[in-house]
Amino acid sequence: MSSTSLEKNKAIIRRWFEAENKKDLSLLDEFVAPDFIGHTHQLRGLKEYKQFAASIGKGFPDFHEMIKDIIAEGDKVWVFFEFAGTNTGEWMGLAPTGKKVTIKIVEIFRS
């Protein structure tokens, strides 16, 4: 795969994170496959992913994701990022705690 293709794949993932940080999930339609599979949360399809992302926005309205490192190789992009937000809304059936959380995450995306 050419370095241009690898940079293009990383740019797509950056746009994904920008869309989530803007809380504009309609932007995901442009680059998330309809048959998306999210293994961590057992999500299937763009619709389920958007529902999950919306629930995070309700539970952590001030959340922000910051990419710390991003690596592309072949058809994969590895992203190390930090999620930070305050739990002021219900999330996954749990009452809000009012606590700020910071989580460091590694995800692998595949085209």
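In which strand is lysine 104 found? Lysine 104 sits in strand β5, which covers residues 100-110. The model is a predicted one, in which local features need pLDDT of at least 70 and side-chain atom pairs count only at pLDDT 80 or more, while totals for chains, interfaces and linings use all residues. Residues are numbered from 1 along each chain as its sequence is written, and side-chain values use heavy atoms, with hydrogens and water left out.

**Overall build**

- The protein chain contains two helices and five strands; helices (H or I, at least four residues) and strands (E, at least two) are DSSP runs, numbered from the N terminus.
- Read from the N terminus, the order of the elements is α-β-β-α-β-β-β.
- Along the principal axes, the C-alpha atoms fill a box of roughly 45 × 25 × 20 Å.
- Among contacts (heavy atoms within 4.5 Å) between residues at least 6 apart in sequence, 47% join residues at least 24 apart.

**Surface and charge**

- Of the 111 residues, 34% count as buried; buried means under 20% relative accessible area, exposed over 50%, and partly exposed in between, with a 1.4 Å probe and protein chains only.
- The protein chain exposes about 7,200 Å², and carbon and sulfur atoms supply 55% of that area. Accessible areas come from the Shrake-Rupley method with a 1.4 Å probe, and for residues only the protein chains shown count as cover.
- There are 16 positive and 16 negative side chains, and the centres of the two sets lie 1 Å apart. Lys and Arg count as positive and Asp and Glu as negative, while His and the chain ends are not counted. Each charge is placed at NZ of Lys, CZ of Arg, CG of Asp or CD of Glu.

**Nonpolar core**

- The largest nonpolar core has 25 residues, and those with the most contacts inside it are Ile13, Trp16, Phe17, Leu28, Val32, Tyr49 and Val79.
- At least two residues of this core come from each of α1 (3-22), α2 (45-59), β3 (64-73) and β4 (76-86).
- A nonpolar core is a set of buried Ala, Val, Leu, Ile, Met, Phe, Trp, Tyr and Cys residues joined through side-chain atoms within 4.5 Å.

**Exposed residues in strands**

- Lysine 104 counts as exposed because its relative accessibility is 60%.
- Apart from neighbours within four places in sequence, lysine 104 is in contact with Phe80, Phe81 and Glu82.
- The C-alpha atoms of lysine 104 and glutamate 82 are separated by 4.5 Å, although the two residues are 22 apart along the chain.
- Arginine 44 lies in strand β2 and, at 57% relative accessibility, counts as exposed.
- Arginine 44 touches Phe36 and Ile37, not counting residues up to four places away in sequence.

**Positive phi in loops**

- Glutamine 42 has a phi near 55°, a positive value in a residue other than glycine. Glutamine 42 is placed in the loop between β1 (37-38) and β2 (43-44), and its 64% relative accessibility makes it exposed.
- Methionine 92, also not a glycine, has a positive phi of about 55°. Methionine 92 belongs to the loop between β4 and β5 and counts as exposed at 57% relative accessibility.
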